[in-house]
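Here is a short briefing on one protein chain. Look over the sequence and the model first, then read the notes on fold, surface and cores.

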Amino acid sequence: MNHENIIKQLFAYLDTERQRNLHMEAFKEISNVFLGFHDEYKTQRMQFLNDEKQNERVSWVCDASMGHGKSTVLECFLKWLIDESNPRQRVPVLLVIREKLEAEKLAHKLNEFRHNSCLKLDADNRETMEKYISLYQIVIITHSRLDNLALGMGKKRIYKVWEQYESIDWAFGGLKEPKLINKSHRLLIVDEKPSFVNSATFDVGKANNCLKWFDSIIKDDDADPVSMQSIRTYIMLLMLEQLEKNPTTVTTALASRLDKQTDRHKRLTSLIGKALKDRKMSDLSEFKTMKLFSKLLRKDGIGRIDRYKDKSRIGMKIIVSEKIDYSKIGLNMLVLDGTCHANKIQYALSNFKLKHVKNFNNYGRLKLHQRGIKTSANARTKESESVQETIANDIKKLRLLYGDQMFVIPLDSDIEKYRKFDVYPESHFKYYVDSKQSKKIHLMNTIGKNYLLHYKSLYLTSLPRMHPDFYKEIGIAFYGGDLNLEFNEDNNALKWFADHRLDEIYNGMIYSELLQIIHRSSLRVIEPSRLKDEINIYIAFDDSNGNDVLEFIQPFLYNMNSLYLFKHAEVKRMNLNNIINYGVRDGAEEFIKKSDEWIKNNISTIRESFRKILVSEIGKKSDGDDRLGEKFRKFIQRHKDKLDELNEVFKPYGYQVEMGKNKKDRPAYVLYSLK
């Protein structure tokens, strides 16, 4: 096949403006990957028609970097397939897209190009439209649907095969069913990395409770409460016995030979078997959990026992995790993943072949700024919220430089905290809430957030780091029973997990997420006229963990620059002094300034002539930080032996703090006016 001529055809599907803004060399290289994928399919089809031995199906991953035009080439490629003049030569596609809005946009474009050429299937229309899937040349599904098909859940054949008719109007009330032209297998194209993992965690505590799947799925209208409770108790006892008596880290079958002879075991397996057969439940995630529990119940070596000890919990849990084999769908597969090199282990162990596209970006314009402050889950969840407030103060200073042109990306759990600290411009508010078309933006959800390309500056309030179990589940899926799940305890802060394989997975996933986010900014624009635009990315984190050397230099961003940015980016570091760690005078001045501002803005709510107020009452019933007074009170309490020094700071502002009484006649700090 002459790719050069076809690439000209693909290019012609773009309007003049998109052609002008395109990086032509990147477009050609990505097009060659798509067309090579198409060639493999055509060769296999001819071998089948000629009754020859068929080549094995291919699994490819294309590493074209973000902003190089993967989505543009994809759209052109699909139009080219639809536009094939010979109906018998048309090739169907099963396309997987994560972001709902992006899927809807593409489906709309394709159906405008050719009526009824594309069906987008999701939870909203699956019940009514799934039966028509086989009639559409292009079918768009979600990543979760892809996983379910690979796991054998769902009617795989209707997703896999295109039943090609002259028209499909007959299926929706047309006059008659037209003649069938052809039946053919689809190409499978996946936008963004697939999960590769099917997992569940079982614990006897509140989190990951081993009974959740049972209560969500098992239904038996004929059962009495005592019988059902007996089965729940049986499940708990099996779990407890495994966790207590198994000295290894690999599970044995939960049910022993004697257990299997009991009535309640037979009743449990009967209920599971009935649920597996019926498959009538809305919560597919719990259905998959039930299937994994069923394996855990019957077989040795299915789960890993993880002994955990963190700041708030100590205990044991069972993690069951298996690698998803997408080849079981039975289609040629192409994944589009610009950060696949960061997760090369997962692709290699899944037998994917890399298809390389040259990176045309200029990373010399990129400046990576580490803001040194601990942003771990433990640091961020402290009642004082001092981490968030310190970062917010830094953001406000940078706003003087960038204005609204800097976009802040917090963790989901911190969105409202930063809103309280007034770091979001009003024009950005809409991006931090869910809508019908798109989920709110946060550090773990930036895929499809194309509006970020308008920003040359981003501020990430921490690293995009998931719970440790997330990385353990991936590690178990790929390496199985001999993987060490323990954390690194040798004070080597460069390594989170003791097992280098698990630590490699962890670092790869972090780098992948971070690279995705960085390339969502204006960095993704690689038009020649924009390749000198300076891009500034600020990331708040500190991985020193008490290591004196790492207090001054941390290798994380330097390693990312070396591995994935050709060593062209500039890396800078500046420590942020957590407000809770300020010197006494610095902290006192910070609090009195904020208190003075609040008093001046809220004087009518206190009294016309201000004389005194309980420190803990400052900030209440206002639009500002309603916990300002409580933070101020705790600060004074910590430094109560230096009250005279504090008052030296307060005096120039016209205030003094003394111990007084609250309304309940208990000791309390009171702020007095000296004016």
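**Contacts and cores in a predicted model**

Residues 24 or more positions apart make up 71% of the contacts in the protein chain with a separation of 6 or more; contact means heavy atoms within 4.5 Å. This is a predicted model, where local features need pLDDT of at least 70, side-chain atom pairs count only at pLDDT 80 or more, and totals for chains, interfaces and linings use all residues. Residues are numbered from 1 along each chain as its sequence is written, and side-chain values use heavy atoms, leaving out hydrogens and water.

**Overall build**
- The protein chain has 23 helices and 20 strands (DSSP runs, numbered from the N terminus: H or I of at least four residues for helices, E of at least two for strands).
- The C-alpha trace spans about 95 × 75 × 55 Å along its principal axes.
- Of the 675 residues, 52% count as buried (under 20% relative accessible area, 1.4 Å probe, protein chains only).

**Nonpolar cores**
- The largest nonpolar core holds 101 residues (buried Ala, Val, Leu, Ile, Met, Phe, Trp, Tyr and Cys joined through side-chain atoms within 4.5 Å).
- Leu366, Leu368, Phe407, Tyr459 and Met560 touch the most other members of this core.
- Helix α18 (residues 500-518) gives this core its largest share, 10 residues.
- Another core lies apart from it, with 41 residues, including Leu14 and Leu334.

**Around Tyr459**
- Beyond its neighbours within four places in sequence, Tyr459 contacts residues including Arg371, Asp394, Phe407, Tyr538 and Leu576.

Methods:
Buried < 20%, exposed > 50% of the residue type's maximum accessible area, 1.4 Å probe, protein only.
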